[in-house]
Amino acid sequence: MLNVIWLGLIVISIVVAAMTGRMEAINAAAFEGAKTGVTVSLGLLSVLAFWMGMMRIAEKSGLLELLARVLSPIIQALFPDVPKGHPAMGYILSNMSANLLGLGNAATPMGLKAMEELQKLNPDKQNASPAMCTLLAINTASITIIPTTMIAIRMQYGSVNPVEIVGTTLLSSFAATIVALLIDRMYRYRHIRRHR
């Protein structure tokens with residue numbers, strides 16, 4: 001559906017530009033957008049490579065394992081219907097660790113693997129389980145300590161202080177995660193009451 005909306009916007013803009021005699025503006029905007037896309041992508045690539053390297057160092061040094069142990073009781077409380085030691089827990093912990101460091105691109109594969117493992121536990125294969133909904137809520141809101149992608153974009157566009165957003169990002173992502181978890185628990189409670 002989103003592709004249809006984008007196609008519609010593009011077609012409408014081309015038609016309007018042709019009717020108003022401003023096709024050169026469409027052409028210039030297309031090339032400028034492509035140039036900006038490549039420039040931003042290269043900047044993001046370097047920052048992502050740096051943080052992926054840092055993540056690998058954290059993994060080899062045992063920092064991720066320590067973080068997983070610290071987060072483990074919280075994860076068990078958030079996912080009570082997932083057995084302790086199940087592979088889904090490892091993927092959930094990896095996903096959350098990457099999200100904490102602002103590595104959304106690195107977190108995605110772990111989130112998908114966690115969903116696959118949670119689907120194996122799901123008795124109703126047609127509907128998402130409560131654990132799957134909780135993971136989606138946490139992943140969507142996700143507390144971010146270091147917003148690496150935003151820092152990279154701000155650096156790319158010449159921000160004087162690209163890291164000044166860290167405090168507000170931490171506060172807003174924390175608030176978003178709390179609200180997402182409260183709504184998730186409300187719906188989980190309603191789901192349990194309805195199926196009694």
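Start with Lys-120. Lys-120 is exposed, at a relative accessible area of 59%. Here, buried means under 20% relative accessible area, exposed means over 50%, and partly exposed is in between, with a 1.4 Å probe and protein chains only as cover.

A word on the source. This is a predicted model, where local features need pLDDT of at least 70, side-chain atom pairs count only at pLDDT 80 or more, and totals for chains, interfaces and linings use all residues. Residues are numbered from 1 along each chain as its sequence is written, and side-chain values use heavy atoms, with hydrogens and water left out.

Back to Lys-120. Which residue forms a salt bridge with Lys-120? Glu-117 does, with the closest N and O atoms 3.2 Å apart. By salt bridge I mean a side-chain nitrogen of Lys or Arg within 4 Å of a carboxyl oxygen of Asp or Glu. Both residues sit in helix α5, three residues apart, about one turn of the helix. Is Glu-117 buried or exposed? Glu-117 counts as buried, because its relative accessibility is 10%.

Helix α5 covers residues 104–121, and Glu-116 and Lys-113 also lie in it, three residues apart. They form a salt bridge too, with the closest N and O atoms 3.4 Å apart. Glu-116 is partly exposed at 43%. Lys-113 is partly exposed at 33%.

Next, Arg-188 and Asp-81. Their closest N and O atoms are 3.8 Å apart, and they form a salt bridge. This pair links distant parts of the chain, 107 residues apart: Arg-188 is in helix α8 (residues 166–194), and Asp-81 is in the loop between α3 (63–78) and α4 (87–100). Arg-188 counts as buried, at 9% relative accessibility. Asp-81 is partly exposed, at 41%.

Now the whole chain. How many helices and strands are there? Eight helices and zero strands. Helices are DSSP runs of H or I, at least four residues; strands are runs of E, at least two; numbering goes from the N terminus. The radius of gyration is 21 Å, well over the 16 Å that the globule rule gives for 196 residues, so the chain is more spread out than a compact globule. That radius is taken over C-alpha atoms, and the rule is 2.2 Å times the number of residues to the power 0.38. Along its principal axes, the C-alpha trace spans about 65 × 45 × 30 Å. Finally, burial: 29% of the 196 residues are buried.
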